[in-house]
Structure formats: structure tokens, C-alpha cells
Amino acid sequence: MKSAPPQGKGALFPQQTGYHSHMTVANIQQDLRELADPEKAKILSGFFKTGPGQYGEGDQFLGIVVDKTRALAKRYRHLGLDEIGVLLDSRVHEDRLVALLILTLQYPIADETSRAAIYRFYLAHTDRVNNWDLVDCSAEHIVGPYLRDRDKTPLTTLAQSASVWERRIAILATYHYIKLGDPSETFRIAEALLGDSHDLIHKAVGWMLREAGKRCSTEALCAFLDGHGERMPRTMLRYAIERFSPEKRAQYMLLGARSRRKA
């Protein structure tokens, strides 16, 4: 979902005396590579489906645990948007992950102008938020809060995108509202994604529906399932009802099975 990038250097916070942005990007990448674990990188490459024709094709991993990446993000949390963009352009997964984690650290403490800049920057770089963990660590912390008191049309646009990552951003952004006790946007975007063909969307929608029931209202979730359960892909439905009793899970799975037999 492309939009005009912010103007200027994009630094959101005052930099230290003698700060050189190109050196900082190089320092971050050097720090990440010093933490690299080739054996873990092989495991992660398989886990995140980086083979030919898979959703993460071409993604390169260093094999760094997320806690260490988060620690680096905190260390470099004053990085400007231009430099964050350099990290997002990298083919190395952890470079992009640390860039997004920095954005999520900056957003809640930024002023309104800077928050708008971060939001626009994020939507201008969704092609680099291109694996499920990158979406999941960022969408609810940037897109969700920015649109909280604004028109939610951008979520609809994202949900209608040809990009699986933008569609996942749409549903994951609603996690912010779930945590505030309002599942309405989750139900709205979930309904828009019922016919999606991608397994990563089935899992994400089912997960958000489950959280809506857990954190907001089991009754509201059941009402949604009663109205749409027959149309839901099996994986989506299974995720949504994970917290139900065995009897209630069987009831909803049977509902979905009957629909699939009819089809």
C-alpha cells in the first residue's frame, strides 16, 4: 500500500553530537552479524518458508533470537526514518525486523506529527514487511493506534489488497482494538477476509477472532460464528474456537463440515 514517503531526513528525535547515520546503520548490521548463528539460520529459513515458490522465498536469516534483536532495537531506538528505510531494504530478515521494532518503540512516545510520519512510512514500505512475524510485531503497534480515532477505510483497503502481507496487516492491526475491549473492527475485517485463499490469512483471522472472544466477549464471537461459521475455512474456524469446550468445538466444526460437503 504505497503512499508518499515523509520529506526530509526523517529523524524523529534529536541525535547525539557527532552522530553519523550511515555509521549507525553499519553498526547495527555489524552487531546483528556478530550475533549470527548459522545452524539456527537454517532452521529459521525452513520455518519461515524461504524455498522457491514459498511465501518467504529469498528471505535470508542470520539466526538470531528475537530477544537479542529487541535489545538492539532499544539501543538504536533514535534512528531516523531514512536510516530505518535502509535496514528495511535489506534482504536479511533480522535487518528488517530490527527496523520495525525501532518503529514500534518510537511510535508511542512520538508527537502527533511524528506518529503520522511513522504511519505513512510504514504503509509506504509494506513490501518490506514481508513475512508473518514482521507483520505481527508491528501492525498492532503502528496501524492500529494511528487509526484508533480516525476513519478505518485504510484497513478495508489493506484487506482488499493483492498482497498477503497487507491483508495480514489489516487483521493484525485490529489487535490494538481488541486489547481496548472493542472487537467490532476485528469482526468487520474478518468478514471481509472469509473468502481469502491463503493459509496465513486463515490463521491470522482465526487467531484474532479467538482473542476477540477471550478478551472482549465470548457471546459476540459466538454470534459471529453462528452467522459466518459455515463460510469459514477449516483452519480459520479451528483457530477461532480453540478456547471453547470440546463439545462446543465439535458443534462448530460440524457446522463447517456440513457447509463444505454442500459445496
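These legends go with several close-up views of one predicted model.

Local features are shown for pLDDT of at least 70 and side-chain atom pairs for pLDDT 80 or more, while totals for chains, interfaces and linings use all residues. Numbering starts from 1 along each chain as its sequence is written, and side-chain values use heavy atoms, with hydrogens and water left out.

**View 1. The whole chain, for orientation.** The chain has 16 helices and 0 strands, taken as DSSP runs (H or I of at least four residues for helices, E of at least two for strands) and numbered from the N terminus. Of its 263 residues, 53% count as buried; here buried is under 20% relative accessible area, exposed is over 50%, and partly exposed is in between, with a 1.4 Å probe and protein chains only. The accessible surface comes to about 12,600 Å², and 51% of that belongs to carbon and sulfur atoms; areas come from the Shrake-Rupley method with a 1.4 Å probe, and for residues only the protein chains shown count as cover. Among contacts (heavy atoms within 4.5 Å) with a separation of 6 or more, 71% link residues 24 or more positions apart.

**View 2. Helix H10 against helix H13.** What angle do H10 (residues 164-173) and H13 (residues 199-215) make where they pack? It is about 5°, with the axes 10 Å apart; axes are lines fitted to C-alpha atoms, for helices over the stretch in contact, and angles run from 0 to 180 degrees between N-to-C directions. That makes H10 roughly parallel to H13, on a scale where under 35 degrees is roughly parallel, over 145 roughly antiparallel, 65 to 115 roughly perpendicular and the rest oblique. H10 brings Val 164, Trp 165, Arg 167, Arg 168, Ile 171 and Leu 172 to the contact, and H13 answers with Leu 200, Ile 201, Ala 204, Val 205, Trp 207 and Met 208. Sorted by class, that is 10 nonpolar, no polar and 2 charged residues; Ala, Val, Leu, Ile, Met, Phe, Trp, Tyr, Cys and Pro go down as nonpolar, Asp, Glu, Lys and Arg as charged, and the others, Gly among them, as polar.

**View 3. Zooming in on Leu 172.** This leucine sits in helix H10. Is Leu 172 buried or exposed? It is buried, with a relative accessible area of 0%. Setting aside neighbours within four places in sequence, Leu 172 is in contact with Val 135, Asp 136, Ala 139, Glu 140, Ala 204, Trp 207 and Met 208. Leu 172 and Cys 137 are 35 residues apart in sequence, yet their C-alpha atoms are 9.2 Å apart in space.

**View 4. Arg 210 in helix H13.** Arg 210 is a charged residue found in helix H13. Even so, it counts as buried, at 16% relative accessibility. Beyond four places in sequence, Arg 210 is in contact with Leu 221, Tyr 239, Ala 240, Glu 242 and Arg 243.

**View 5. Helix H4 and its partner H5.** H4 (residues 81-88) has 6 of its 8 residues buried, so it is largely enclosed by the rest of the structure. The buried ones are Leu 81, Glu 83, Ile 84, Gly 85, Leu 87 and Leu 88. H4 packs on H5 (residues 93-106) at about 150°, with axes 7 Å apart, which makes the two roughly antiparallel. The contact uses Leu 81, Ile 84, Leu 87 and Leu 88 of H4, plus Asp 95, Arg 96, Val 98, Ala 99, Leu 100, Ile 102, Leu 103 and Gln 106 of H5. Those residues divide into 9 nonpolar, 1 polar and 2 charged.

**View 6. Helix H3 across H5.** H3 and H5 pack at about 55°, with axes 9 Å apart, and are therefore oblique to each other. From H3 come Thr 69, Arg 70, Leu 72, Ala 73 and Lys 74; from H5 come Glu 94, Leu 97, Val 98, Leu 101, Ile 102 and Leu 105. The class count is 7 nonpolar, 1 polar and 3 charged residues.

**View 7. Asp 31 in helix H1.** Asp 31 has its place in H1 (residues 21-34) and is buried, with a relative accessible area of 17%. Not counting residues up to four places away in sequence, Asp 31 touches Leu 72, Arg 75 and Tyr 76.

**View 8. Lys 49 in a loop.** Lys 49 lies in the loop between helix H2 (38-47) and helix H3 (66-75). Its phi is near 55°, a positive value in a residue other than glycine. Lys 49 is partly exposed, with a relative accessible area of 34%.
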